[in-house]
Amino acid sequence: MARSYYIHTFGCQMNESDSQRMGEALARAGWQQILAPDAADLVLVNTCSIREKAEDKLFSALGRYRLLKAQRGTRIGVAGCVAQQEKEKLLQRAPFVDFVLGPDHLDEVPRLAEQGGVATDFLDTEEYLFPQADPETSRGRATAFVTAMKGCDNVCSFCVVPYTRGREVSRPYAELVREVASLVAVGVREVTLIGQNVNSYSGGCTFAELIRRVAAVPGLLRIRFTTSHPMDLSPELTRAFHEVPQLMPHFHLPVQHGADSVLQRMRRKYTIAEYERRIAELPRDLSLTSDIIVGFPGETEGEHAQNLAFLARTAFDNLFSFLYSPRPHTGALLKLAEWGEIPRPLALRRLGEVQALQMARTNERRRARLGGEVEVLVESPGFGRSRENWAVHFEGDAAVGDLVRVRVQGTSLVALRGAQEAVVVKAPVFEPPARRRLSVVNA
Ligand code: SF4
C-alpha cells in the first residue's frame, strides 16, 4: 500500500508553490497525499519566519504532530524559512522532528523522509535548478503560481528573507514560458509569476520582457506577479501595465512606511517622493496595494504622523499592515537598543490608526462598485477574482475557468457579492481529473 503524506503550509505564495513541488517529488517516489494529518505516514510542515508569530505557530503545530508520532510513528519533516533559519538547532529544540530541509532542497524530500537528516546549505547560483512543475497537479484549476526567481539581494533591515532564501537567482525565460504553456494546456487561464523580489528578474531578459513573452502564450487570459520592490519598478514595467492586456490592473508594491527617516533606517533605498513619482505613472484604473510596518524601532510620533499623512493622500486599494517583529540576523535587531523599541501598547495604538484609515478607504472603494459589473475568473463554483484581484462571491452556474461578468450587489471589506450576468469566455473542456491531484492546507 502507498505511504501517505500530509503537508501543512504556512506563509506566502512562494511557500504554497514550494509545497506543490515537494508534493510532486513525493508523488514521483510513490507517496500519496491525504488531506488530514491523522492517518498520515509523513507530516511535512512548510514554515514561514517573516514574523515571530508565524514561528510560534510552527511550534504549536509541531506539538500536535508530536502526539501523532507517539501514537502511530508518523515521520515529521520541517521545510521552509524556519528550517533554513534554524538548521540543526531545530532538531535540538524539537528532537522528535526527523528531518529539516531548506528551500534549495525541495527535490530531496523523498530521500530525507526515508533517511532523516538536515539539508539546508544554499546551492551556488550556477548549480541551482528550479524544480519543474508537474502540470497535472494544476489540471482542472483556473490559476497557478509560476516561480520566476528566488532569493533577494536587498538588505532591508527588518527582513530575514535574504538569510532564509539566499541570493537572487532568476529562472531562464524559455523554461518559464514552456511551463506556462504546459499549464495552459491543462486548462489554467491565469498565472501569477512569483519571487521574493520578482521585478528584479534577470533570467535572460528584463521582467517587463518576460511578461510580454508570457502574454504571447496562446490561451492565457491573465497574468499577475508578486512581490515587488519599488526601486525595481522600471518605466518598461509601467509601460507593460498600459500595453499588455493580459497583465491585470493590480500591483502589490510594498512601501513599508510613509516617513523618509524610517525608510532610511529600514534601508529601503527610496524616498516617499520617489515612490509617489513612480506610482503616478501607473494606469489610473490600477488597483494598488501595499505593506506597512508600524512600530519600527525608533518610530517617533512625528514619523507616525507622516505615515498617516502619506496613507491619507495615497489611493491604496488595500493595505497589509503589521507590527514590527524583531527577526534574527537582521540589521534592525542589531540596532534595537540604539534606535529604541516601541512599547507594544503604543505600537498597537498606531496600528489601530493606520488600519482605521485604510479600512474606511477600502470600504469606500468597494462600495463605489455597487450596481456595476466586474469581470471574474471562476476559481471554484460561485467564487472567483476580479481583474483588480478582489474576491467575488456570486450566484450563477459558470464553470471553473470561465470568465464571467458579475453584477455587484453587495460589498464587505474582504469580498464583493453579486450575480452572474454573462459568460465572456468559456473554459476549455477538461479531461477527467488526473489520478495525482494535490492540494495543500493553509494556516
Ligand atoms: S526586498 Fe527587502 S523586504 Fe523584500 S525580501 Fe528583500 S530584504 Fe526582504
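**Questions on a predicted model**

Me: Why does E88 count as partly exposed, rather than buried or exposed?

Reply: Buried residues fall under 20% relative accessible area and exposed residues over 50%, with partly exposed in between. E88 therefore counts as partly exposed, as its relative accessibility is 46%.

Me: Which residues have the most contacts inside the largest nonpolar core?

Reply: In soluble globular proteins, nonpolar side chains tend to be buried together. Here the largest nonpolar core has 66 residues. Apart from it lies another core of 22 residues, including A40, V43, L68 and L90. Within the largest core, the residues with the most contacts are L193, F225 and F251.

Me: Which residues does F251 touch, leaving aside those up to four places away in sequence?

Reply: F251 is one of the residues with the most contacts inside the largest nonpolar core. With residues up to four places away in sequence not counted, F251 touches F225, S228, L233, L237, F241, L282, L286, S287, L288 and T289.

Me: What surrounds the ligand, and how does this shell divide by class?

Reply: The residues around the ligand are C152, N154, C156, F158, C159, V161, P162, H229 and R268. By class, the shell consists of 6 nonpolar, 2 polar and 1 charged residues.

Me: Which helix gives the most to the lining of the second largest pocket?

Reply: The second largest pocket holds about 310 Å³ of space. Its lining is formed by E276, I279, A280, L282, P283, R284, L286, L288, R313, T314, A315 and R365. These divide into 7 nonpolar, 1 polar and 4 charged residues. The greatest contribution to this lining, 3 residues, comes from the helix of residues 272-280, α11.

Me: How many cavities of 30 Å³ or more does the structure have, and about how much space lies in the largest cavity?

Reply: A search of the whole structure finds 2 cavities of 30 Å³ or more. In the largest cavity, the space amounts to about 120 Å³.

Me: Which helix gives the most to the lining of the largest cavity?

Reply: The lining of the largest cavity comprises 15 residues, and D18, L106, Y128, P131 and T147 lie nearest its centre. By class, this lining has 6 nonpolar, 2 polar and 7 charged residues. The helix that gives the most, with 4 residues, covers residues 13-28 and is α1.

Me: Where is T227, and is the peptide bond from T226 to T227 cis or trans?

Reply: Most peptide bonds are trans. T227 lies in the loop between β11 (222-226) and α9 (235-243). The bond from T226 to T227 has omega near 0 degrees and is cis.

Me: What is phi of Q256, and does Q256 count as buried or exposed?

Reply: Q256 is found in the loop between β12 (250-252) and α10 (260-265). Phi of Q256 is positive, near 75 degrees, in a residue other than glycine. Because its relative accessibility is 8%, Q256 counts as buried.

Me: What is phi of K269, and does K269 count as buried or exposed?

Reply: K269 is found in the loop between α10 and α11. Although K269 is not a glycine, its phi is positive, at about 70 degrees. With a relative accessibility of 54%, K269 counts as exposed.

Technical notes: Residues numbered from 1 in each chain as written. Predicted model: local features only at pLDDT ≥ 70, side-chain atom pairs only at ≥ 80, totals over all residues. Heavy atoms only, no water. Near = heavy atom within 4 Å. Nonpolar A, V, L, I, M, F, W, Y, C, P; charged D, E, K, R; others polar. Core = buried A, V, L, I, M, F, W, Y, C linked by side-chain atoms within 4.5 Å. Buried < 20%, exposed > 50% of the residue type's maximum accessible area, 1.4 Å probe, protein only. Contact = heavy atoms within 4.5 Å. 1 Å grid on protein atoms, 1.4 Å probe; cavity = no way out; pocket = protein on both sides within 12 Å on 5 of 7 lines; lining within 4 Å. Points joined across faces, edges and corners; volume = space filled by probe spheres on them. Helix = DSSP H or I, 4+ residues; strand = E, 2+ residues; numbered from the N terminus.
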